[in-house]
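Student: I would like to learn how to read domain contacts and helix packing in a model. Can we work through one case?

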Amino acid sequence: MIKVSLISLGCAKNLVDSEIMVGHLRRAGMTVIPEAGEADVVIINTCSFLDSSKEESINAILASHQDRSLRKRRKEQKLIVAGCMAQRYARELPRALPEVDAFIGLDQITRVAPIIEEIFARERGRKDAPGSFVTPRPAYIPDYDTPRFRLTPRHYAYIKIAEGCNHPCSFCIIPRIRGHHRSRTVASVVAEARRLVAEGVRELNLVSQDTTFFGMDTWDGRPGPRAPVDSARGSALTTLLRELQAIEGDFWIRLLYTHPAHWSDELIRTIAGCPKVARYVDMPLQHISDPMLAAMRRETSAARIRDLIARLRAGIPGIALRTTFIVGFPGETGADIDALCEFIRETRFERLGVFRYSQEEGTRAAKMDAQHTAAAKDARWHRVMALQKEIAAGVSRSFVGRTLRVLVDAPGLARGEADAPDIDGRVHVPETLPAGAFAEVKITGCRDYDLLAR
Ligand code: SF4
């Protein structure tokens, strides 16, 4: 029996792809094991979003190969590279990394088992250059019955409601890697959610490149020709949230990766009226200065963003806003950074992340003049992070004395509605609370980004 070990890098969307690969491997009768040293095949599911993620992916590939050559692993072990990096550099990688046995593209994740069989069959015949199983312009999207083996703890799951992206953000390579936006149907997502809730999942995290674009490429979430965007705007997502809310059981629904250009009052009202939808919104804003938003091609403006935040705060009382910003974008001036800091100070985001701009080949922004040095990006990053650290401490203090409903992740560790898995803070709770259960706790103190409770 073929034993396979898989290393999943990058974001939650890539993790879902890893889960689909593991589901198909198991269905084909292969065993998936955590110990890479014992495996016949190691798959590295890579990320290629930023320079740092590419570096991490390359390091994982080289470390895996080195362990194999040092005989820390079976020497006949096969090494497969999948994911965003394999897709993005489909032409270059087979030449640059001859130690890899095969590259798998994003459309091939459901074919991982036959591809492994093919690699072993080829081995028995002739050995030549790495096999490349990457096809351009990915079009695949999973369905409710796609074999999948969850790699998250039993009590939370990610549901990929759409794949790809239609936005023109000038810094981003994702649309080139993952293809055009394609939504699943409302029925498909609901069927998957029902099964997960029946299996004991207590938190459904909806992910895609832009969750607010869900259904805008179809007609109200039904497959079919592209509808005029205005008439379909947001209605599939509101339908989806209402249908998820109607599923019986005690669970949270969390909306990740929303785009500020696609929020509507109807979506705000829907979230307010669906108590199972966490009072939490993840909305990467990237910047607030109008010249930067225009250069980034974000399809929105400072005034519209400010107005949207006011409507979100007024329409969904208690909402926690999470966002991310990019600093050091080409041409960003001191005044732009001042405006960004002022905006962060006035908005007091509950959760905030900052990225240093990464010059990604193949994007419009990579060709822009006035690229900043790494030192300049670093200085800006430290300035914004220091500001947010102060704000986060104030936000944490504001929780002290309150009673909070939390979901226990592990003995002693939980999260509230304002904390998404992996990316946000934690609530330290008594170890006696069982993992995977909801609990009401009283917040007694705070430490940096975390809360302490009893
Ligand atoms: S919305 Fe913009 S940043 Fe996000 S994946 Fe699409 S192009 Fe990239």
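Tutor: In this predicted model, 12 residues of domain 1 are in contact with nine residues of domain 2; two residues are in contact if their C-beta atoms, placed from the backbone, lie within 7 Å. The model being predicted, local features need pLDDT of at least 70, side-chain atom pairs count only at pLDDT 80 or more, and totals for chains, interfaces and linings use all residues. Residues are numbered from 1 along each chain as its sequence is written.

Student: Which elements give two or more residues to the side of domain 1 that touches domain 2?

Tutor: They are α1 (12-27) and α3 (84-88). Helices (H or I, at least four residues) and strands (E, at least two) are DSSP runs, numbered from the N terminus. α1 supplies the largest share of that side, four residues. By class, the side of domain 1 that touches domain 2 has seven nonpolar, two polar and three charged residues. Here Ala, Val, Leu, Ile, Met, Phe, Trp, Tyr, Cys and Pro count as nonpolar, Asp, Glu, Lys and Arg as charged, and the others, Gly among them, as polar.

Student: How should I read a pair of packed helices?

Tutor: Two packed helices are described by the angle between their axes and the distance between the axes. Axes are lines fitted to C-alpha atoms, for helices over the stretch in contact, and angles run from 0 to 180 degrees between N-to-C directions. Helix α7 (residues 186-198) packs with helix α9 (residues 235-245) at about 25°, their axes 10 Å apart. α7 and α9 are therefore roughly parallel, a term for angles under 35 degrees. Their crossing is right-handed, meaning that the near helix is turned clockwise from the far one by less than a right angle.

Student: Which residues of α7 and α9 make the contact?

Tutor: Val-186, Val-189, Val-190 and Ala-193 of α7 meet Ala-236, Thr-239, Leu-240, Glu-243 and Leu-244 of α9. By class, this contact has seven nonpolar, one polar and one charged residues.

Student: At what angle do α10 and α12 pack?

Tutor: Helix α10 (residues 265-273) and helix α12 (residues 302-315) pack at about 25°, with axes 9 Å apart. That makes α10 roughly parallel to α12. The crossing of α10 and α12 is right-handed. Asp-265, Ile-268, Arg-269 and Ala-272 in α10 meet Arg-311, Leu-312 and Gly-315 in α12. By class, the contact has three nonpolar, one polar and three charged residues.

Definitions and conventions
Angles under 35 degrees count as roughly parallel, over 145 as roughly antiparallel, 65 to 115 as roughly perpendicular and the rest as oblique.
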